[in-house]
Each structure stands twice: as structure tokens, then as C-alpha cells.
Amino acid sequence: MSEDAPPTPTPPFVINRFCDDQLRDIVKKLRERTELFKEKVIDPYSSSPEHSPPITPVYRKEDWIRKQEAERIKREEAEQKKKEEDAKKAAAKKEKEEKEKKEKEEKLKAEKEKADKEAAEAICPKIKCTCIDTLLKPFEDMMDAYLGTTIDPFTDRRYIKWLSVVTIAFNYNVWLATARLCFPYHTPGTIPFWIFFDILADLVNIVDITMFQPRLQFVKAGDIIKDRIMAKRRYRESARFQTDLISIIPFDLLCFHFGFTSIFRMNRFMRYQSFFEFSDRLESVMAKAYIWRVGRTTGYLLFCLHLNSCLYYVASEYEGLGSTKWTYDGKGNAYLRCYYFATRTLITIGGLPEPHTLFEIIFQLVNFFTGVFVFSSLIGQMRDVIGAATAGQTYFRASMDACVAYMNTYTIPKLVQNRVRTWYNYTWDSQGMLDESELLEKMPLVMRTAIAVDINLATFQKIDLFKGCDSQMLVDMLLRLKSIVYLPGDFVCKKGDIGREMYIIKAGEVQVIGGPDNKIVFVTLKAGCVFGEISLLQSAKDGGNRRTANVAAHGFANLFVLDKKDLNDILVHYPESQKVLARKGRKLMKAKGKAAPVKDEGEKKKGLAMFGQKPPTPKMLRAFGGFGKGGLLEKLRAQAAEKKS
């Protein structure tokens, strides 16, 4: 390249590309407009750059009248066409409404015919209780003051308590009606007591059918129905109402003709639905529901033995009491001795007297087969109940055993292995699971939010850094928290580490420590305290996100941790809260920089040594007059200046 060639022009410096393009476009348009006006100045007859106004046409009188008439005719035709279209739409709408009305009437007629047909074919037709409602109205109004118009069958503890009373009445009928039917318990002295307890159990069932069941709330199309009239109608249209009515029919009145016997109370067994409902409701409110499941399964086994003992006494009475060695001899307590025989038979213990007659052999064979089937089924059910109750403990033990096997494979030091075992045991004992997030992930978002708000929202609102932020942002932050357990002496964070998390103390204590051996405790933070929040807002520039102190667990500590990445993901959706956090973070950092405390005594002494008092001037230099103002050095400088001048 020759020396005379012009230098390459420096490219323009662009700060913002968009602004630069807009300015260039404005300059270009101004230049074009300037050129047009220059031409207008040179040639006055050239066209103006502005838009010309529209020209109003000039009509003759005949043409104007003709135009107005054409426009009038056109408007009339448009109006006539619009009226015809409206009339067609109205006719179509009316026809559609009539068609829908006709279809609705046909549907109602078909439903009525279907209901009449079902009522005619039903074994138990629907019963109208208008008269009964009139009689029970005062009692229902009286119960409204205590129960309310409706009852929530899932959460109302009063209903569960009442179901326990109904269950006791059901068990009274199931256990004692069969025992009274088989054993000679109906004596002149005991009959009045049986009548009293029978009436009491029947009263419980009647109150349940008339006062409690018609008040139960139900769900229809996703809505909770709390209207008493609708709840009563639903119950009375259900199959359960029919079985409940059959269960309280007083067949006991036939005892006046046939004699007092409990066989007329067998219809009370149809109240079994109340027992299973009580079982379900009780399991839903118990903290350890497996206890009730084990007790219920044991009750099933005892009831099977009860039925077998009743059948054995009937068989012995049929054969003749004491007629053979196999039959009951009639001595001692009949129920206990027969129950003992049933237990040995169903559980197949053995050691029973041999049956002799054909009836005894068949009865014993049926007993053995039934015992094997029933007992094995109950044992399997018991195993499932106990397995479900200990499933969590089994999972914990399997996880811990797998971890120990892994550490043994890679010869991890015993000290580390002991700490890992301690962590497993404490985590399981404190929260009943190894990872809380596994349980919460199975819940819907609404439930997770409710739990998180109940546990930590009050703590978050007390943090100075988050005051003034959006409440929904705080809720989103709560959902990102993770629970971590630290063992005694574990460092939560160390001085100089990169700060990526903030911590909330859920349980236990942590200490801010320092000194040569980290033996000096500056402050102890307890449950509910927060630390490390400033590091979330600082960047890595100039080490702003570095930890400034050592924090260690004092004893076992359970902390909630919020990661910096999660916080940044949340702040994207809350720009105003992001500005508030940035402003508060800068203020906190400035306040921290102004009042930066000395970390330990060693650093304090080291700093004083750097800026301590200056040593005194040596005596030999002071003998020459010193080096201050008016000293020897000053006099020498003055003499040198006089010689030059």
C-alpha cells in the first residue's frame, strides 16, 4: 500500500443499534423532505408533498334528485332484507325452543315411566315418610341446635363418636343374639334384662336412621351439598335406607306367640354397613391406623371361633349332651368349654376326642376344612396389616444396609461410617422418613402450598431482606425449600466459600465460630433464625458472594435450604420484587462494610501491629539537631540556596 493512500476511516461508535437505526431513518426522511421543498421553491407549479383534499363533485338538479332517489330505494331494500332475516331467525329460534321443550317433555315422560317400572319391579318399593317427618319435626329442630342442619361425615368427630355407639349396638346384636339362640341363656330371671338391652340397641338404630343419616353431606358434580332437604332425599332414595328400614322391623313382637327367642332379631345383622363405615372413618383420623386394623382382624378371628362354639353346642345338644366322648358333657361353663373346643378345632391344635357317629365325623371334617381356610386367610391378612405398618421401617433399614454395604466395599473409614449411621438414625427418628420431598411430591400443589405456608411463611415475613416483596413470591420460595440434617460439629458453611444458598433453622442450633482452631463462638442462632440470605443477591465480582464466617451445627440441626438458582428462577416472574431485593441487598452490604467487625483476637492484634505508633527518633540523629523544622537538614538546605544565589 502506498504512503499517499488515505487512511481507513474509523467505523462509527454505536452505543445502541436500535437508537442508531431510528436516528438514521429520521435524518433520511428530513433530507428527502428538504429536497421536495427545494423543488417547490424552484418550480411553484410542482405538486405539494401534502395529501390533497378530496374534490366535492358538482351535480345538476336532475342528477342530484335521481341520485337521492336511488339511495333511498337502496336503503329501503336493505331494511326490508334485514327484516326478513330477523323474521327467519326468530322463526328458527322459536322452532328450536319448541323442539327442545318437546324433547324435554319426552325425556321426563320416559324417566317417569322408567321409574314407575322400576318401582313396580322392585322388591322393596320406595316409601313416603311424610307422616313420619311431621312427627319427627320437633325432635329434628331440637337436634339442630347440637348437630347443625348437616354433618360432614369425614371430618366431624361427633359423627365418628356416634358411629362408635352404633357399632357397639351392632356388635351386641351379632354376638349375643347368636349366643342366646344356641345356649340356654333365656331364663325367667334374665329375660327382663335381655328385653331392656334389646330395646336400648333398637333405639340407637332408630336415632341413627332418623337423626344422623339424613344429615350427612354428600358430593354432587364436584359440589358439597349442605342442604338438609337434599341430603334427606338422597338418603331415602338409596338402597341403604331400605336395608336400614328392614333391620328395625320389630319381629320381636312374634315372641308373644312363639315364645321368647333371639331368632327374630336376625334382621339387625343388616346394619353391617355402619360397622364398616365406622372402621373407615376411624382409620382416617388415627395417627397409627394399623393398631385398629390388627384389632379388627383379631375380632374377625374371635367371632369365627364364637360361631363355631355355638354350632358345636347345637351339635352336642342334637346328639345328646354327654352321650359320647366327642359331645359336650354339660359340665362347667357351657360357652367357655365350647369356645375352647372351637379354638382347638379351627386352629388344628389336635388332641380332640375322636368322633364316632356319622354326624360327628361330617361335622368335624367341615370344621377342619373351614378352620384351615379361615385361619390361613386371617393369618395372611394379619401379615399384610403388619407389613403395611412397618413398610416405612423396612424401607429405612434397606436404605441404610445398602449404604453400609457400599461403604464397606470401598473401605470407607470407620469414623465416616459411624457418622453416616448416626445421620440415618437421627433423620428417621426426627421426621419418620429420609426425604420429606418424596411425600410432598405426591400431594397436589394446593396441599403443598398450605403445608409450606403453615410451617415457614411467618419466618420469611420476618426477614428484613424480604420485607416489602410480593406475598406470592414468598410462597413460591417456600415451595423450593429443601430440608437437610446436619450432625454435631458439621460445617454448614465456611469462610471464603462461594455462597449459593440461604438457610432457615427448622430445629436445633448453629454457631458462628472463628479463631485459630474455630473455638471462639461469636453468636448462637436458634430455631427460626435465618442466615446466608445476602449471598443470594451478590455476584461473583470482587468476591461479593463469598462467605464471611464459619457456621457449624451445635448438636443436631435441621435446616431448610433455598438455592440461589431457584431464587433467580422465581425473580424472573417478579421484576418489582427483584428491584426491591437488589436495593435492600446493596444497603445491607454497605452497612456491613461500614461496621465490619474484627473476626478474632489474632486478626485484631495483626491489624494493630500494621497501624501502631511510630518508633522514636534515634538519639544520634537528635544530637545533630534532628530532621524536623529548624533542624540540621533545614540549615544545610538554606546554605546551599545562598551559595547558588
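Colleague: Where does asparagine 558 lie?

Modeller: This is a predicted model, and in it asparagine 558 lies in strand 8.

Colleague: Is asparagine 558 buried or exposed?

Modeller: Asparagine 558 is buried, because its relative accessible area is 5% and the cut-off for buried is under 20%.

Colleague: What does the side chain of asparagine 558 make a polar contact with?

Modeller: The partner is the side chain of serine 483, at 2.9 Å. In sequence, asparagine 558 and serine 483 are 75 residues apart, yet their C-alpha atoms are 6.8 Å apart in space.

Colleague: Which residues does asparagine 558 touch, not counting residues up to four places away in sequence?

Modeller: Asparagine 558 touches Gln431, Ser483, Ile484, Val485, Ile504, Ile505, Lys506 and Ala507.

Colleague: And asparagine 550, where does that one lie?

Modeller: Asparagine 550 also belongs to strand 8, which covers residues 550–563. With 13% relative accessibility, asparagine 550 counts as buried.

Colleague: Which side chain is joined to asparagine 550 by a polar contact?

Modeller: That of asparagine 518, with 3.0 Å between the two. Leaving aside neighbours within four places in sequence, asparagine 550 has contacts that include Phe491, Cys493, Gln511, Val512 and Asn518.

Colleague: Where does asparagine 518 lie?

Modeller: Asparagine 518 is in the loop between strand 5 (501–514) and strand 6 (520–525). Asparagine 518 is partly exposed, at 28% relative accessible area. The phi of asparagine 518 is near 55 degrees, which is a positive value in a residue other than glycine.

Colleague: Which other residue has a positive phi although it is not a glycine?

Modeller: Threonine 411 has one, with phi at about 50 degrees. Threonine 411 is found in the loop between helix 13 and helix 14. Threonine 411 is exposed, and its relative accessible area is 65%.

Colleague: How do helix 13 and helix 14 cross?

Modeller: Helix 13 (residues 391–409) and helix 14 (residues 414–431) have axes that come within 11 Å and cross at roughly 170 degrees. The two helices are therefore roughly antiparallel, as angles over 145 degrees are counted that way.

Colleague: Which residues make the contact?

Modeller: From helix 13 they are Gly392, Gln393, Phe396, Ser399, Met400, Cys403, Val404, Met407 and Asn408. From helix 14 they are Gln417, Val420, Arg421, Tyr424, Asn425 and Trp428. By class, the contact has eight nonpolar, six polar and one charged residues.

Colleague: Change of topic. What about helix 17, which of its residues are buried?

Modeller: Helix 17 covers residues 471–479, and its buried residues are Met473, Leu474, Val475, Met477 and Leu478. At the start of helix 17, a side-chain oxygen of aspartate 470 comes to within 2.9 Å of the backbone nitrogen of glutamine 472.

Colleague: Back to strands. Where is the place of phenylalanine 531?

Modeller: Phenylalanine 531 is in strand 7 (residues 530–531). Phenylalanine 531 is buried, with 9% relative accessible area.

Colleague: What does phenylalanine 531 touch, not counting residues up to four places away in sequence?

Modeller: Phenylalanine 531 touches Val492, Met502, Tyr503, Ile505, Val510, Leu525, Val551 and Leu559. Phenylalanine 531 and isoleucine 504 are 27 residues apart in sequence, with 6.9 Å from C-alpha to C-alpha.

Colleague: Now a charged one. Is arginine 265 buried or exposed?

Modeller: Arginine 265 is buried, at 1% relative accessible area. Arginine 265 lies in the loop between helix 8 (255–258) and helix 9 (272–285). Apart from neighbours within four places in sequence, arginine 265 is in contact with Asn173, Arg180, Asp198, Ala201, Asp202 and Asp252.

Colleague: What about cysteines, how many disulfides does the count come to?

Modeller: The count comes to zero disulfides. Among the cysteines, cysteine 19 is partly exposed at 42% relative accessible area, and cysteine 255 counts as buried at 12% relative accessibility.

Colleague: Last topic, the whole chain. How many helices and strands does the protein chain have?

Modeller: The protein chain has 22 helices and eight strands. Of its 645 residues, 28% are buried.

Colleague: What percentage of the contacts with a separation of 6 or more comes from residues 24 or more positions apart?

Modeller: In the protein chain, such residues account for 70% of those contacts.

Notes. Residues numbered from 1 in each chain as written. Predicted model: local features only at pLDDT ≥ 70, side-chain atom pairs only at ≥ 80, totals over all residues. Heavy atoms only, no water. Axes fitted to C-alpha atoms, helices over the stretch in contact; angles between N-to-C directions. Helix = DSSP H or I, 4+ residues; strand = E, 2+ residues; numbered from the N terminus. Parallel < 35°, antiparallel > 145°, perpendicular 65-115°, else oblique. Contact = heavy atoms within 4.5 Å. Nonpolar A, V, L, I, M, F, W, Y, C, P; charged D, E, K, R; others polar. Buried < 20%, exposed > 50% of the residue type's maximum accessible area, 1.4 Å probe, protein only. Polar contact = N/O pair within 3.5 Å; in protein donor to acceptor, adjacent residues only side chain to side chain. Disulfide = S-S within 2.5 Å.
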